[in-house]
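Please keep the structure open while reading.

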Amino acid sequence: MTISAPATTSGPLTDAEVRGIRADFPLLSTKVNGHPLVYLDSGATSQKPLAVLDAERSYYEAHNAAVHRGAHALAAEATELFEDARATVARFVGAHDDEIVWTSNATEAINLVAYALSNASLGRGGEAASALRLGPGDEIVVTEAEHHANLIPWQELAARTGAALRFIPLEDDGTLRLAELDEIVTDRAKLVAVTHVSNVLGLINPVEDVIARAHAVGALVLLDACQSAPHLPLDVTALDVDFAVFSGHKMLAPTGIGALYGRRELLAAMPPFLTGGSMITTVSMETAAYMPPPQRFEAGTQRVSQAIALAAAIDYLTAIGMPRIAAHEHEVGRRLVDGLAVIPGVRVLGGDAPLPRVGLASFDVAGIHSHDVGQFLDDRGIAVRVGHHCAQPLHRRFGVTSTTRASAYLYTTADEVDQLLAGVADTIDFFGGAR
Ligand code: PLP
């Protein structure tokens, strides 16, 4: 990697540093539709640096074996690399090694918790899991800003257990309506699931207030850190959350790897979600005894190369510095939001909210469907996402069915943002002005 000696150690990345970073990402120098690629879809998935691609390749070339099983030297090597990767993830989010469970992605991590609570509610896990049971009279609280991944598993859990689902609504500016927090999160709440950063609004939610209220009434808190872990410093212990989830592919790593952070005592009390090989101690034809966490939640052959590549991605991010990446994104995000806000007919969802943000903004262009905007931009090599971004209730709250989303990362330049802004203005001209 080229950023071995950053010119400065604080503040946003310099232009030269961003150029150096870009040189590490082969795909960023490609052309699309005859134009240099302007990749503004990192909120969906990030591009990958050579350090990550090399880590995965060299694992297969030099160490590949099934972990935690074989008696041979390669298996021991692979197991060590796999567990070192877990330690890297743990350090990155301020957790202990045994508090990190590998999953395929954030969606699976949330489902793991939901199904573990569901199983506890059926009596699985015995007395140790009794505090995790849900039933009629209990409540699960989410916010109106959630990605479907942090909503539907809770709808399903509520349907299976008889618990009720409640939600913290959004103000018109996209901030959480915290004035009603005490009425919504009551002593009936068993779990509060909240997004740290909305994948539509790009706002960094003041989750500390929600966490404090949840704990005051004895509820657990699950933090959806999918859009925060890649973009800003995250310390789950300092935040005092009970669970946190994130996906590797949004933070420079390959697809197929994600992580669940769970507080040690909670994981120890939870019955498993997926069952099968590698998560047991003894098995008879009738019953099985389970391993302690994290292995209890890691049934089947594990995604070793992806875990090692995620650790390489974290090493890459850490060498640059998460505070600096956050500062860079804040700058890029402001340029994006301020530039969009002055284009007639463009409305940025959450654009006026008085909150810090990451480099992501979703916008509506009056009278022009987001698919047309996306198509027009793609013709210029500018990649954005269009649609509801897996957040239909949030879009409904803002009175739209779809938006165009531009999302940046550490490799995004100010010039790329300006190309997007010019592209949006030209889209409006092309369609005869915003109506
Ligand atoms: N939560 C948020 C806020 C997201 O942005 C996403 C993905 O876009 C998810 C959850 C689900 O992530 P994955 O599809 O990687 O499981």
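By class, how many nonpolar, polar and charged residues does the lining of the largest cavity have? That lining has 2 nonpolar, 6 polar and 2 charged residues. The model is a predicted one. The points below take the cavities, then the ligand and its pocket, then the backbone.

**Cavities**

- The structure holds 2 cavities of 30 Å³ or more.
- The volume of the largest cavity is about 70 Å³.
- Residues A66, V67, H68 and R69 line the largest cavity, together with S278, Q295, E298, G300, T301 and Q302.
- The second largest cavity has a volume of about 40 Å³.
- Its lining consists of S42, G43, Q227, H231, E329, V358, G359, L360, S407 and A408.
- By class, the lining of the second largest cavity divides into 3 nonpolar, 6 polar and 1 charged.

**Ligand surroundings**

- The ligand is surrounded by 13 residues, and the closest are T107, D224, S247, H249 and K250.
- The shell around the ligand is made up of 3 nonpolar, 8 polar and 2 charged residues.
- S247 has a polar side-chain atom 2.6 Å from an oxygen atom of the ligand.
- For K250, a polar side-chain atom also lies 2.6 Å from an oxygen atom of the ligand.
- In the side chain of H249, an N or O atom is 2.7 Å from an oxygen atom of the ligand.
- On its own the ligand has 390 Å² of accessible area, and the protein covers 90% of this.

**Largest pocket**

- Where does the ligand lie? The space taken by the ligand is the largest pocket.
- This largest pocket contains about 250 Å³ of space.
- In total 21 residues line the largest pocket, and those nearest its centre are T107, H147, A149, C226 and K250.
- Which helix gives the most to the lining of the largest pocket? Helix α4, residues 106-121, gives the most, with 3 residues.
- Sorted by class, the lining of the largest pocket has 6 nonpolar, 10 polar and 5 charged residues.

**Backbone details**

- Most residues other than glycine have a negative phi, and most peptide bonds are trans.
- The peptide bond from P293 to P294 is cis, and its omega is near 0 degrees.
- P294 is located in the loop between β12 (288-290) and α10 (304-320).
- L252 is a residue other than glycine with a positive phi, near 80 degrees.
- The loop that holds L252 runs between β9 (243-247) and β10 (258-262).

Definitions and conventions:
Residues are numbered from 1 along each chain as its sequence is written. Side-chain values use heavy atoms; hydrogens and water are left out. A residue is near a molecule or strand if one of its heavy atoms lies within 4 Å of it. A polar contact is a pair of N or O atoms within 3.5 Å; within protein, one must be able to donate a hydrogen and the other to accept it, and residues adjacent in sequence count only if both atoms are side-chain atoms. Accessible areas come from the Shrake-Rupley method with a 1.4 Å probe; for residues, only the protein chains shown count as cover. On a 1 Å grid over the protein atoms alone, a cavity is a set of points where a 1.4 Å probe fits but cannot get out, and a pocket is an open set with protein on both sides within 12 Å along at least five of seven lines; lining residues have an atom within 4 Å of a point. A molecule sits in a cavity or pocket if more than half of its atoms lie within 2 Å of its grid points. Ala, Val, Leu, Ile, Met, Phe, Trp, Tyr, Cys and Pro count as nonpolar, Asp, Glu, Lys and Arg as charged, and the others, Gly among them, as polar. Grid points are joined across faces, edges and corners, and a volume is the space filled by probe spheres set on the points. Helices (H or I, at least four residues) and strands (E, at least two) are DSSP runs, numbered from the N terminus.
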